[in-house]
Amino acid sequence: QAKTQGNREMSVFSIVWSKARLWGMTRLPWPAAGMKNWKNQENARHFEVTDTLFEAVYEEANQMLRDCMDISTATGMRLTDCRTVALPADNILRLKASKTGKSADFDMSLSNVLPELVARRRAYPACHTYLLSTPDGFPVSVSMLRTAYENAREAAALNPSNLAIAEDLQQMYLRDMRKRASDLAMDDEAASKLLQHSSVAITNKHYRKKVSRI
C-alpha cells in the first residue's frame with residue numbers, strides 16, 4: 001500500500017513540475033528524467049467480492065448505498081459514473097465514462113436489479129436528473145457514499161454471524177463492486193467489454209478475480 005501511494009504521489013509531483021515548466025516557474029527538467037526504476041514495483045490487488053461478502057454489507061446498507069452497489073455491480077461503472085449517470089427516459093441506461101470518455105448503452109430489461117431501482121428512483125421527489133439519489137430526492141456526494149459504506153461495512157464486520165469473514169470485510173472497498181461486476185460476467189471477453197477495457201489482459205490482471213470452482 002505504501003509503495004503504491006508513493007507512486008501516486010510521485011505522479012502528481014511530475015504533473016505539478018510539468019505545469020511549473022509550462023508556466024515559466026522553473027527551467028529545470030523533471031528531477032527523475034532519465035532515471036530508471038524510480039517507481040516502486042506494484043502488484044495487482046487480488047480480492048474477490050464473494051456473494052457472502054456482498055450480502056453481508058448489503059444487509060447493513062441504507063437504500064442509497066444499496067442502489068450504488070447494484071448500479072456498479074450490474075453495469076461495471078466506476079463510482080464517479082454511478083453517482084452521475086443520468087436517470088434514463090426509457091429502458092436504456094446511457095453512460096459516457098468520465099475517465100475514458102467511452103460511451104455504452106445498457107439494456108435494463110436484461111438486469112435483475114436495474115428496472116426496480118429505476119422505478120423507485122422515478123418515484124422520488126427529486127430536484128436533479130441523476131439515477132442515484134437519496135430517498136428524499138437529493139444528489140449523492142462522495143462523502144455521503146463513503147460514510148454510508150464505512151458504517152455498513154463496520155456493522156457487518158461486527159455482526160457475530162460474520163465472524164469468519166470479518167477480516168475480509170474490512171479489506172473490501174466500495175470500488176470493488178466493479179470487480180464483482182467483472183466476476184459475474186459470462187466469460188473474460190464479456191467482462192472486458194462490460195468494463196470497456198482495450199484488452200482482456202487488463203481485465204484479468206486488475207479486475208477478474210473469481211476463484212475457479214472445481
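This dialogue walks through a few features of a predicted model.

Visitor: At what angle do helix 3 and helix 6 pack?

Guide: Two helices can be compared by the angle between their axes. Here helix 3, residues 63–75, and helix 6, residues 142–158, pack at about 95°, and their axes lie 10 Å apart. Angles of 65 to 115 degrees count as roughly perpendicular, so helix 3 is roughly perpendicular to helix 6.

Visitor: Which residues in helix 3 and helix 6 meet?

Guide: From helix 3 come Met-64, Leu-65 and Cys-68. In helix 6 they meet Met-144, Leu-145, Ala-148, Tyr-149 and Ala-152. Of the residues in this contact, eight are nonpolar, while none is polar and none is charged.

Visitor: How many salt bridges are there, and which residue pairs with Arg-120?

Guide: A salt bridge calls for a side-chain nitrogen of Lys or Arg within 4 Å of a carboxyl oxygen of Asp or Glu. By that rule the count is four. In one of them Arg-120 pairs with Asp-67, with 2.5 Å between the closest N and O atoms. This pair links distant parts of the chain: Asp-67 belongs to helix 3 and Arg-120 to helix 5 (residues 114–122), 53 residues apart.

Visitor: Where on the model is there a nonpolar patch, on the surface or in the interior?

Guide: Val-12, Phe-13 and Val-16 form one on the surface. Together they have about 270 Å² of accessible area. Val-16 is part of helix 1, residues 2–22.

Methods: Residues are numbered from 1 along each chain as its sequence is written. This is a predicted model: local features need pLDDT of at least 70, side-chain atom pairs count only at pLDDT 80 or more; totals for chains, interfaces and linings use all residues. Side-chain values use heavy atoms; hydrogens and water are left out. Axes are lines fitted to C-alpha atoms, for helices over the stretch in contact, and angles run from 0 to 180 degrees between N-to-C directions. Helices (H or I, at least four residues) and strands (E, at least two) are DSSP runs, numbered from the N terminus. Angles under 35 degrees count as roughly parallel, over 145 as roughly antiparallel, 65 to 115 as roughly perpendicular and the rest as oblique. Contact means heavy atoms within 4.5 Å. Ala, Val, Leu, Ile, Met, Phe, Trp, Tyr, Cys and Pro count as nonpolar, Asp, Glu, Lys and Arg as charged, and the others, Gly among them, as polar. Patches are made of residues with over 30% relative accessible area and no salt bridge: like charges are joined within 9 Å, nonpolar side chains (Val, Leu, Ile, Met, Phe, Trp, Tyr) within 5 Å. Accessible areas come from the Shrake-Rupley method with a 1.4 Å probe; for residues, only the protein chains shown count as cover.
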